[in-house]
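Have the sequence and the coordinates open while you read.

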Amino acid sequence: MSARTLDRLRKDLQEYARLAEVRYDPAIADPVLETLAELWTSSVVGVRTTTHPVRERDVNARVMHRGGPTELIEKLCAAGLLTYTGHPMEQLLAEIAAEVPVNSGVDLALAGGVQKIWLVFPELLSVERVLGFAGIPESARAHADHLSRYGGRIGILAVDFDARTMNLYSNVFEPGHLAPADITGILAELDFTAPTDTELALLARTFNLYRTFSWTSSHMERICFPVRCEPSSFPTHLDPVLARFVAEAPFAAPETRGFVFYAAYGPTDRYYKVQAEYAGVRAATFPGGTAPRPT
């Protein structure tokens, strides 16, 4: 791999913004890149966008850290890039980081700034353990049975400082673990938008699932199913932005080009996401030590 620099990354992120037809705001994005420069130029980086209408779309870049989130949070707060306000998610991050081994990460929205803080559990946690942490949304606790039945262990927790939501990711499992009937049943149970036959055919290869909860609702906000893809197998026919990303996305190491497709469902709609594995994914630490296989 050629040496990465912030200038090269900045140029590539500007290209991702062009592909997604969204704005790269240097006044917002550049300070986050500079504050965590060592990570951005040496660690695992992924870049993603959605098929939301352009006015609702953004590009997010995620950088990972082999260690807990405390140092990252302190640097971002000291630089004025992240503000603590007494929200329960702050207590949640601190308690988990103090009690269990974690790796961590940061999501940067190119037009919005620091968006998410990630906790990746090298040793998977039981649903009961995660739901016992202070600060967990009551809506997540209300779905304890669902979380246990579908996945059963938690590999990643992420808090979204912008949306005031939390994601819980299941353990990684083999493609085919969830059959089309399982996915249809999950969405029906939640009274979410039903999947199409095309989506079900794709999602037979999903390698985990994640759910989104808020602190202000008793309902699950969203459920998402990811599929890791080679460029040749990515479902680019579903939306032009997916096709542009897969055809033109820049990579730090072109020989390692890879993508993840996501289908996300809520009570009234669905949308898709595409993630380009920009750099270092082969060195990533996956929950429980199991890496999802591309298909």
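The salt-bridge count comes to 19, taking a salt bridge as a side-chain nitrogen of Lys or Arg within 4 Å of a carboxyl oxygen of Asp or Glu. Keep in mind that this is a predicted model: local features need pLDDT of at least 70, side-chain atom pairs count only at pLDDT 80 or more, and totals for chains, interfaces and linings use all residues. Residues are numbered from 1 along each chain as its sequence is written, and side-chain values use heavy atoms, with hydrogens and water left out.

**Salt bridges**
- Arg10 pairs with Glu34 at 3.8 Å, N to O, linking helix H1 to helix H2 across 24 residues.
- Arg10 is buried at 15% relative accessible area, while Glu34 is partly exposed at 47% (buried is under 20%, exposed over 50%, partly exposed in between, with a 1.4 Å probe and protein chains only).
- Arg57 and Glu21 have their closest N and O atoms 3.6 Å apart; Arg57 sits in the loop between S1 and S2, and Glu21 in the loop between H1 and H2.

**Helix H1**
- Just after H1, Glu21 takes a positive phi of about 60°.

Conventions: Helices (H or I, at least four residues) and strands (E, at least two) are DSSP runs, numbered from the N terminus.
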